[in-house]
Amino acid sequence: NDDFPPVVERYDNGLFVTCEGNFKSSNGSLSFISDNGDIENGIFQEVNGFPLGDVVQSISIIDTLAYIVVNNSGKVVVADAGTMEFIANIEGLGYPRYITQAGEGQAYITDSDGLVHVLDLNTNEIIGSISVGYAPEQVVTNENYAFVANSGWGSGNTVSVIDINSNEVVETIKVADNPTNLAFDGSYVWVISGGNTLYDENWSVIGHTAGALTAINATSFAVEKTFNFIEGENPSGLIAYEGELYFKNGSSIFKQSVDATALSPSELASGNYYGQITCYNDHIYATDALDYSQNGLVHEYTTNGKLVDSHQVGIIPGNFGF
């Protein structure tokens, strides 16, 4: 009998939420918010019978596969994005942060030790590593180039530009201290930098450097706009959507036009936000880790800041993928 039941793609239409779990507890998990509002928590462990690991940092969907970055376990877990069935572990990493497709058949994995690892998507093997700045965070791509934010855990102030055909750094661009998130609006690669906190020899705070929102020409790599924040503010979580930039600062989410000539954000929503934000199906999603021990929340807003719903997910939700 050659008739087999069809494979049910349970996770085709919706938004994945990575939940870090408690440090060194290996209780990181993955939640799924379907387009009709249904919530499923712990989906990877439910399907496979074993946990993802320690600190589930981020997720990227590439073709039909989910690449789940598990930071403190030093690995990337590969699973079928529709069924969440386990396929492979990519190991031998330090403290990976994000994975992004970079050209045909390969992806880049940022690692806190100052490397971008080159992953062969056909074999799930690391085929090389590229030295960038310390503690690289997010990567965005445009045509033949990848832009990497080198945070330095606060002290970094560069963006590395990698030619994805040669896997070599071709430009290093100076920005404000602590660049973490990048977004491409079709013309500019925008960089949000949180600024650095300065300490004396006794680890007492003695000052701050200013964060900034920086626009890099995606073709010439020239810095064309720099909007400085007030020293001591710590903006993060940048995304671009339909001519607007969305980012976090303090206890609020703000938006600003990509055409603005000065820093002029308008407050979209306020709350106890943690991790990244994203835009999915014309809605803005943000996470709330609550007390960092119980299951957290994902808040869903319209692009005008109206709260649509709040979804209970896993412990310490921090990132999204779709």
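**View 1. Thr-18, a buried residue in strand E1.** At 0% relative accessibility, Thr-18 of this predicted model counts as buried, because the cut-off for burial is under 20%. The residue belongs to strand E1, which spans residues 14-19. Contacts beyond four places in sequence come from several stretches of the chain. Ser-29 and Leu-30 are among them. Val-56, Gln-57, Ser-58 and Ile-59 also touch Thr-18. Further contacts are made by Ile-316, Pro-317, Gly-318, Asn-319 and Phe-320.

**View 2. The open sheet E22-E23-E24-E25.** Four strands form this open sheet, in the order E22-E23-E24-E25 and with antiparallel pairing. Which strands stand at the edges? They are E22 (236-241) and E25 (266-270). Each has a single partner strand, so one side of each lacks a neighbour in the sheet. Neighbouring strands are turned against each other by 25° on average, direction ignored.

**View 3. The E22 and E23 pairing.** Strand E23 covers residues 244-249 and runs antiparallel to E22. The two are joined by 4 bridges. Ala-240 has Leu-245 in E23 as its bridge partner. In a regular strand, side chains alternate between the two faces of the sheet.

**View 4. Asn-167, a non-glycine residue with positive phi.** The phi of Asn-167 is about 55°, a positive value although the residue is not a glycine. Asn-167 sits in the loop between strand E14 (158-163) and strand E15 (168-174). Its relative accessibility is 21%, so Asn-167 counts as partly exposed. The cut-off matters here, because buried means under 20%.

View 5. Strands E26 and E27 pair in the antiparallel sense over 5 bridges. In one of these strands, E27, Tyr-285 is the bridge partner of Thr-278. E26 is mostly covered, with 5 of its 7 residues buried. The hairpin has 2 residues between the strands.

View 6. Asn-281 lies in the loop between strand E26 (274-280) and strand E27 (283-288). What is the phi of Asn-281? It is near 50°, a positive value in a residue other than glycine. Is Asn-281 buried or partly exposed? At 47% relative accessibility, Asn-281 counts as partly exposed.

**View 7. The aromatic pair Tyr-145 and Phe-221.** The structure holds 17 aromatic pairs. One view shows Tyr-145 with Phe-221, whose ring centres are 5.1 Å apart. Why is this pair edge-to-face? The ring planes stand at 80°, and planes over 60 degrees apart count as edge-to-face. The pair links distant parts of the chain, 76 residues apart. Tyr-145 is in strand E13 (residues 145-150). Phe-221 is in the loop between strand E20 (212-217) and strand E21 (223-228). Tyr-145 has 27% relative accessibility and counts as partly exposed. Phe-221, at 13%, counts as buried.

**View 8. A cluster of aromatic rings.** Ring pairs link Tyr-280, Tyr-285, Phe-320 and Phe-322 into a cluster. Phe-320 is one of the residues in contact with Thr-18.

Note on methods: Residues are numbered from 1 along each chain as its sequence is written. This is a predicted model: local features need pLDDT of at least 70, side-chain atom pairs count only at pLDDT 80 or more; totals for chains, interfaces and linings use all residues. Side-chain values use heavy atoms; hydrogens and water are left out. Buried means under 20% relative accessible area, exposed over 50%, partly exposed in between (1.4 Å probe, protein chains only). Contact means heavy atoms within 4.5 Å. Two strands pair if DSSP finds at least two bridges between them. Axes are lines fitted to C-alpha atoms, for helices over the stretch in contact, and angles run from 0 to 180 degrees between N-to-C directions. Rings of Phe, Tyr and Trp (its six-membered ring) pair if their centres lie within 6.5 Å; planes under 30 degrees apart count as stacked, over 60 as edge-to-face and the rest as tilted.
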